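Good morning, and thank you for coming.

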Amino acid sequence: MVRPFGPGDLRSFFNSDRSLWRNAAKARDNLVAGEGQFLSLQLIAEQWFWLRHKQITWIYPQKGGVRGLVSTRNLLSSRFWQIHRLLLAGDDAEACCGLLDTVSRYGVEHSVQRIFLRLEHSDSLESAARQVGFHPYLVELLYRADGVGNSRPVLDPGFRPKSAGDDYSLFQLYHASAPDSVRRLGALSFAEWSQTRERPSLAHRVREFVYYGESEIKCWLRLHTHSRKGLFEIMLHPSEEANIEAMADFCLSQMRGCTTALSLVPAFQTGLQRALSARGFQAVAEYCTMVKELAPKVVQPSLAPIRA
C-alpha cells in the first residue's frame, strides 16, 4: 500500500487534513529551524528541487487523502540514511510500521547499511519502530535558554576552527568519550563514524572548533545556527572534565547573535548537563535515537555455459 511520493500524489496530499499531522522524527535541522505553517511547501521543495540532500519520500495513501508520510536523507554517505520526516496523525502505529518497513526494504535493495531515527523518548511510536527492527542506542537531552547573553568573562582556552585533517583525531575523541554501547550500534570504525554524521541544510550555518592538548584533540564544539536560533554540541575527553565550564562559556560566547540557544546533550555527559543548568538552561525534551541494521541484498549466482 505504501508507495513513493510522486507528482501525481500532490492532489491527495493537499486534500488531506494535515493539521492533524506531527513530525515524529527529530533531525537536527528540525530542532533548530522548527516546523512552521509552510511545512508542506518545504517538503515538496526538498523532494524535487533541493537535490543536495538526495531525499526520498513515501506516502501511505488512504481514500481521499494521505494517511502518513516518511522521508529519508543521506547522511555523509549514501550507505547511511536518516529518517528526516515521519508525518502521522497522532499515534498511528499501523501507518508508522508500514512506512518504516517500506523504507527498510528499499534500503536493502540499494545497499544501505543503517537507518537512523530520532524520536522523543516518551513517543509511543518508539514501540512501533521496535516492531520493524529499530533498536534504541542513544538517549539525548535538549537544553534551552532564551535571551542568550553570557556575562561571564570568557577566556579562549585555545580553540581553533576545525579542518579536514582533524577528522581522525575527532574519531579518537569520540572513541574515548562515548560508551561502548553507543559506539557498538552507532559507529565502531573511523569509516562508519565519518559517514554517519548529519548533513546540515544549505540554509543553516555550521561552525566547528577543536581544542588540542598533549598532541590530541581534547574538545570539539559544533555550532548549528539558523536565523537567530542556535544549537550547539560539545564532545569532551574524560581527562578534561574539570574544564567543562570554560568550554561551555567559550561556546556560548560564539552564539551572541542568537536569542535562543539549544544544546543537544547525550545522557552520559552529566558534567555538561550540570554546567548548562548553572547557566540558566533547562532540559525541555528527551530524545531516543534508534538504528536499524539492514542485511545486504544477496545476489543469486548465475551460471553460464563454458564454450571451448
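Y174 counts as buried at 10% relative accessibility, where buried means under 20% relative accessible area, exposed over 50% and partly exposed in between, with a 1.4 Å probe and protein chains only. W193 also counts as buried, at 8% relative accessibility. What we are viewing is a predicted model, in which local features need pLDDT of at least 70 and side-chain atom pairs count only at pLDDT 80 or more, while totals for chains, interfaces and linings use all residues. Residues are numbered from 1 along each chain as its sequence is written, and side-chain values use heavy atoms, with hydrogens and water left out.

How are the rings of Y174 and W193 placed? Their centres are 6.4 Å apart and their planes stand at 35 degrees, so the pair is tilted. Rings of Phe, Tyr and Trp, the last by its six-membered ring, pair if their centres lie within 6.5 Å; planes under 30 degrees apart count as stacked, over 60 as edge-to-face and the rest as tilted. Because Y174 belongs to helix α6 (residues 167-177) and W193 to helix α8 (residues 190-195), the pair ties together parts that are 19 residues apart in sequence. Helices (H or I, at least four residues) and strands (E, at least two) are DSSP runs, numbered from the N terminus. Y174 and W193 form one aromatic cluster with Y168, F171 and F190.

The whole structure holds 14 aromatic pairs. In one of these, F159 and Y211, the ring centres are 5.8 Å apart and the planes are at 50 degrees, so this pair is tilted. F159 lies in strand β8 and Y211 in strand β9, so the pair ties together parts that are 52 residues apart in sequence. F159 is buried at a relative accessible area of 9%, and Y211 is buried at 16%.

β8 and β9 are also among the elements that cover the buried residues of helix α9. Eight of the 10 residues of α9 (244-253) are buried, including I244, M247, A248 and F250.

I turn now to the nonpolar cores, each a set of buried Ala, Val, Leu, Ile, Met, Phe, Trp, Tyr and Cys residues joined through side-chain atoms within 4.5 Å. The largest has 28 residues, and those with the most contacts inside it include V70, I83, I115 and F134. Its largest share, six residues, comes from α4. A second, separate core of 27 residues includes F209, C219, I244 and A248.

Where is space left? On a 1 Å grid over the protein atoms alone, a cavity is a set of points where a 1.4 Å probe fits but cannot get out, and a pocket is an open set with protein on both sides within 12 Å along at least five of seven lines; lining residues have an atom within 4 Å of a point. The largest pocket contains about 800 Å³ of space, where grid points are joined across faces, edges and corners and a volume is the space filled by probe spheres set on the points. W193 returns here: of the 35 residues lining this pocket, R28, L138, W193, T196 and E233 lie nearest its centre.

One cavity of 30 Å³ or more is found in the whole structure. The largest cavity has a volume of about 80 Å³. Its lining has 13 residues, with D29, R73, Q82, E198 and R199 nearest the centre.

Notes: Contact means heavy atoms within 4.5 Å.
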